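User: Could you walk me through how to read a few features of this model? I'd like the general idea before each case.

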Amino acid sequence: MTHLALTNISKNYGDNIVVDDFNLDVMKGEFVSFLGPSGCGKTTTLRMIAGFEIPTTGQVIIDDADITQKAPNQRNVGMVFQAYALFPNMTVAQNIGFGLQIRRESPDVIKQRVTEMLALIHLEQKGDSYPNQLSGGQQQRVALARALANRPQVLLLDEPLSALDAKIRVSLRAEIRAIQKKLGITAIYVTHDQEEALSISDRIVVMYDGRIEQVGTPFEIYNFPSTAFVASFVGTLNTTEAEVVDPKAQTLRLEGQQLQAADGLEGRRAGEKVRIAIRPERFNFASDERKDNVLDCTVENITFLGSIVRVQVGLGSQKFYMDTFNNPFLELPEIGSKTQITCSREAVLVLSH
Amino acid sequence: MRRGGNAWSWFWMILGILYFFLPLLATFLFSLRARLGVLSFQAYQDVFTDPDFIYNFGYSVVWGVLTIIVGILIFVPTAYLIRLRLPRFRASVEFITLLPFVIPAIVFVFGLVRTFSQPPFLIVDSPALLVAGYTVLSMPYMYRAVDTGLRSIDVRTLTEAAQSLGAGWGTILFRVILPNIRVAILSGAFLSFAIVIGELILAQYLVKPAFAPYLAYLIQQRAYEPAAMAVISFALTWAFLGIIQFVGRGGAQAQIGGGR
């Protein structure tokens, strides 16, 4: 059942269209990420749900109630900000209890709820501390608890981990996801970090230039990108132009070599140019295992990325990347040597545009 | 730094200190000579036991406190609104707040008398007009102090965080914004208080009891007591500035974490 519906949402500032015809239905308890580069409209869309921006057109509906024109303080939507936004003049406990005080809950109820929230974020001993006495990660957990204390209908998170270092980001995003699952609260999460979005979301909305490029599960977004932008933005990708040889047989020509795709050439004509994409991890050396496609190439560079070794190969005028797992016994060809790389037909993605 | 440069720095610093403190010292020593042939605090005793001093100084304190309250009620919401919603008006408002530096007090008070001494605004005899005049004179200090305080916090994000938790504008202003700029407000308040205590023209021409006109009158009548009162004024001003320094050093305003 749809819990949050964004229907024909658009936002213009004069002639500048920031969000264009955004449509999305979110189920109760679902964790949806808005993913995209800076300026794609993801934060503006989030702010329209929160009420800090009013849509130029369209509706925001939560639990069948149209809240499009409601003031932010009347929507019962919890928000976690990138800059934490804890009130510096209040203790952690006062911050968490602030929303409940606004609702005029009794002191006993407030105290109990604050205690629950402190236990939820594992900061039971920090109730009397002030925000400037906490680390960044602790501050963000308090901000999360404050947003959840009011039992909001929807939880909104605007790049909450951007200000934190890498290790804290990884642990805290898992914690956020665990808390969201435990409480069963609908959550909208804005990020430009694809790894973040892929690791914690039920679904991802990839946005570009104010429009939705693709909506899908992390698995779908990563493995079956429907547009060139999604393919290039999510994960590393080899993209290039190839010429259609036989659309029925799903064959293409790439730098004079034949390439076999699984699908995507329906409705194309022979000789037509199409954009294709192949993930680096879908390649391996043909000497290890031969698959549907075998391409002759020249090794141009080898980069060690820790657990991954990235091999750059030249295929005519094109450069391709191949990722393979690192291990101490890995045998790699010499730079400048000729080699063959291989991939399955399913690895060849034909992009819509 | 070379030795020659060091010596010159000391020279100019000592010269500046002497330039400032020597007249003050002379005034203080003069104020101790009320009793013939003996250095004593007789002049200070006469001042503090003079009912006119208590009357006029007391009124100045009342005008000062009222000016601070009115200033907070006007300038805090104004600066907040400008920063949050109307940033394009900031330059114009800052220009307006500097007008008291440009318009002489005598011109200002004549304008007040002219405007408010006839219907429909016949309030020239009301103390409210004096407080309004003082509020205008303190505008450059109070508004700028508040604006500086607001600059040190993320006004927009704090406001939105409070709104997302159900707070209305009043709650946001009094429970979130004001407590986090209290040091700035305090510094503006003390500067405003100092302005009111030392202000002569408005009180004299609006014919209201106040410290500065009383001091001006006393200068014509007595010798040692005005010197004592001048020293008292200096002492009070330094005490207020000291309080600002002390409270400001307390780190009352914590920084909001996170970056952009």
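Analyst: Gladly! Let's begin with contact: two residues are in contact if their C-beta atoms, placed from the backbone, lie within 7 Å. Please keep in mind that this is a predicted model. With contact in hand, we can look at what covers a helix. The buried residues of H4(A) are covered by elements that include strand E6 (77-80), helix H2 (92-102), helix H3 (107-120), strand E7 (154-158) and helix H5 (166-183) of chain A.

User: Why is H4(A) described as largely enclosed by the rest of the structure?

Analyst: The idea is to count neighbours: a residue is buried if 20 or more other C-beta atoms lie within 10 Å of its own. In H4(A), 12 of the 14 residues are buried, so the helix is largely enclosed. Among them are Gln138(A), Arg141(A), Val142(A), Leu144(A) and Arg146(A). The helix covers residues 136-149 and reaches 20 Å from its first C-alpha to its last, close to the 20 Å expected at 1.5 Å a residue. After H4(A) comes Arg151(A), with a positive phi near 55°.

User: Which residues have the most contacts inside the largest nonpolar core?

Analyst: Here is the general idea. In soluble globular proteins, nonpolar side chains tend to be buried together. In this model the largest nonpolar core has 147 residues, and those with the most contacts inside it are Ile49(A), Ala143(A), Ala145(A), Leu156(A), Ile188(A), Val206(A) and Val146(B). Ala143(A) is one of the buried residues of H4(A). Leaving aside residues up to four places away in sequence, Ala143(A) touches Val80(A), Phe81(A), Tyr84(A), Ala85(A) and Leu86(A).

User: How does one read a sheet, and in what order do the four strands of the open sheet come?

Analyst: Strands of a sheet pair through backbone hydrogen bonds, either parallel or antiparallel. In chain A, the four strands of an open sheet come in the order E2-E1-E4-E5, with antiparallel pairing. Strand E2 (16-27) and strand E5 (65-66) of chain A are at the edges with a single partner strand each, so one side of each has no neighbour in the sheet. Further in, strand E1 (residues 2-13) and strand E4 (residues 57-62) of chain A pair over five bridges. Ala5(A) stands opposite Ile61(A) in E4(A).

User: How many residues does each chain give to the contact between them?

Analyst: Chain B gives 23 residues and chain A gives 27. On the side of chain B, the elements that give two or more residues are helix H9 (155-164) and helix H10 (169-180). H9(B) provides the largest share, six residues. By type, the chain B side has eight nonpolar, 12 polar and three charged residues.

How values were computed:
Residues are numbered from 1 along each chain as its sequence is written. Chains are lettered from A and ligands numbered from 1 in the order in which they are written. This is a predicted model: local features need pLDDT of at least 70, side-chain atom pairs count only at pLDDT 80 or more; totals for chains, interfaces and linings use all residues. The expected span of a helix is 1.5 Å times one less than its number of residues. Two strands pair if DSSP finds at least two bridges between them. A nonpolar core is a set of buried Ala, Val, Leu, Ile, Met, Phe, Trp, Tyr and Cys residues joined through C-beta atoms within 7 Å. Ala, Val, Leu, Ile, Met, Phe, Trp, Tyr, Cys and Pro count as nonpolar, Asp, Glu, Lys and Arg as charged, and the others, Gly among them, as polar.
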